Structure formats: structure tokens, C-alpha cells
Amino acid sequence: MPSVSKIAPIVAVALVAVVVLAAFLIDGGKKGGGTEVASGVGAGTNPIAQAAQQSNRPAEAGVPGGAAGNNAPSLEGLVGGLEAKVKADPGNVNNKLLLAQTYAELGRLDDGMKLVREAQASNGGDARVKLVSAMVLSKSDDPKNLKEALTLFGEVAKAEPAQKGQAILHKGRVQKKMGDVKAAKATWKDGVAQLPESDPLRKEMEKELAGS
């Protein structure tokens, strides 16, 4: 399997079709084991978040878990396939990170934390591992975990230009969750200043600033 750091960096995935990517996760993905980790920008912009939103909607027109014609899979549907992939290939860090994120979105934080700790033990210096670990940690209400998430987001923002937007956006969200709205605004303002106007992550930061 190629090094995790050599796989395409996490980007805003608004241009990626949810159904195609979700099937990609279950069916094995690209040759070589590269599996895209969802960015966590928000429901509707990545498969894990959209599936989370979808799984919480009432059945409509005979379609379980969501509106008629919406083919986004539920998170529960993703879990079984991802668990099987991790069990079959425990050394595949990408699958482990995807499952950790999915667990976190389902509220299974302990399970998600266990997987990111395993990923950190084997690939702790990798930016993708840091970013996903921080995203999972940010779901916690434990101040210790939130502080660790802030540290990891900060490291990614400094070291990985292609993932800077993700790290800054979520760093601000953690700061806001911890009650430091002033720091969150400063983080997002700094992110807006660094990202081009066309960047969807900049737009997310602008929305956060407008709502703060």
C-alpha cells in the first residue's frame, strides 16, 4: 500500500458525487488502496456528513431513511463494509481513518478514538492522520481531547498548504466549542485572508464569522 502522505490530499469535496464516492469506499477504491477521507466540511459536501444527515431524515415515498430519489447511503450502511475492510487489511490506514470518522459521526466516539490512536501509533507524523484524528477528537467534550485537536489542526495548517483550509476551519470550530469565540473569529479571519475567494472552505469560514 502506498504511503498515506502520498495519496491525494484532502480537498473540499463539493465536486465529488456522494453516491460514487460512497460506493468507492465500500468496493475497494482505486488500485493501490488510496481511499478518500471525507473532509467534514458539513452535511451535503462529503459522503459521511451527507449520509449522517440522510440517516436522520424520516422515510418518504417508500425510501428508507430519506427523501424519494435520494441515493445517499446511510452511515449505518457504510459501517459494515468499512469494518470488514479494516478487519481484512488492518494495516490500511486510509480505511481505518474512514471508519474512525464514520464511528464519530454515529456517536461511537470511543470506537473512533481507538482507531485514530492506532493510526497515530503507526503513522502519527502523517498530515492526514493528524487531520482525521483532530476531527474525531473534536467530537469529544473532554477539554483534554479538544486541546489535542487544536494542536493537531495547528500543525496541519502550518505543514500542509493543501489541507490548510480544512485545518483552520475546524480549529475555529473547536475554539468556539470551547467557549473562546474571540479566538475562533481570529482563526477564521486569518483563514479568510489566506484563502482565495473561490475556495469553498473560505466561504465556510465567512459563514462561521457571519453567524458568530
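A: Leucine 99 is in contact with Val79, Leu82, Glu83, Val86 and Leu115, leaving aside its neighbours within four places in sequence. Contact here means heavy atoms within 4.5 Å. This is a predicted model, where local features need pLDDT of at least 70, side-chain atom pairs count only at pLDDT 80 or more, and totals for chains, interfaces and linings use all residues. Residues are numbered from 1 along each chain as its sequence is written, and side-chain values use heavy atoms, with hydrogens and water left out.

Leu99 belongs to the largest nonpolar core, a set of 39 residues. Such a core is made of buried Ala, Val, Leu, Ile, Met, Phe, Trp, Tyr and Cys residues joined through side-chain atoms within 4.5 Å. Leu97, Leu99, Val136, Phe153 and Met205 have the most contacts inside this core. Helices H3 (75–88), H4 (93–105), H5 (109–123), H6 (127–137), H7 (143–159), H8 (164–177), H9 (181–194) and H10 (200–211) each give two or more residues to the core. Helices (H or I, at least four residues) and strands (E, at least two) are DSSP runs, numbered from the N terminus. In soluble globular proteins, nonpolar side chains tend to be buried together.

Next, the pairing of H4 with H5. Their axes come within 7 Å and cross at roughly 155 degrees. H4 is therefore roughly antiparallel to H5. Axes are lines fitted to C-alpha atoms, for helices over the stretch in contact, and angles run from 0 to 180 degrees between N-to-C directions. Angles under 35 degrees count as roughly parallel, over 145 as roughly antiparallel, 65 to 115 as roughly perpendicular and the rest as oblique. The H4 and H5 crossing is left-handed. That label applies if the near helix is turned anticlockwise from the far one by less than a right angle; clockwise gives right-handed. On the H4 side, Val93, Lys96, Leu97, Leu99, Ala100 and Tyr103 make the contact. H5 answers with Leu109, Asp111, Gly112, Leu115, Val116, Glu118, Ala119, Ser122 and Asn123.

Two residues of this pair deserve a word. Threonine 102 sits in helix H4. Its relative accessible area is 0%, so threonine 102 is buried. Buried means under 20% relative accessible area, exposed over 50%, and partly exposed in between (1.4 Å probe, protein chains only). Arginine 117 lies in helix H5. At 32% relative accessibility, arginine 117 counts as partly exposed. C-alpha to C-alpha, arginine 117 is 9.8 Å from alanine 100, although they are 17 residues apart in sequence. Beyond its neighbours within four places in sequence, arginine 117 is in contact with Leu137, Asn145 and Glu148.

Now H6. This helix is mostly covered, with 11 of its 11 residues buried.

H7 and H8 come next. Their axes come within 8 Å and cross at roughly 155 degrees. That makes H7 roughly antiparallel to H8. H7 passes H8 in a left-handed crossing. Leu146, Leu150, Phe153, Val156 and Ala157 of H7 meet a set in H8 that includes Ala167, Ile168, His170 and Val174.

H8 also packs on H10, at an angle of about 20 degrees and with the axes 9 Å apart. The two are therefore roughly parallel. H8 passes H10 in a left-handed crossing. Gly165, Gln166, Ile168, Leu169, Arg173 and Lys176 of H8 make this contact with Leu201, Glu204, Met205, Glu208 and Gly211 of H10.

Across the whole protein there are 10 helices and 0 strands. Of the 212 residues, 46% are buried. Among contacts with a separation of 6 or more, 56% join residues 24 or more positions apart.

Finally, confidence. The mean pLDDT (the predictor's confidence in each residue, from 0 to 100) is 75, and 65% of the residues reach 70 or more. Over residues 1–47 the pLDDT is below 50, yet this stretch has 104 contacts in the model beyond near neighbours in sequence. Residues 49–72 also stay under 50, with 41 contacts beyond four places in sequence. Where pLDDT is low, the predicted coordinates should not be read in detail.
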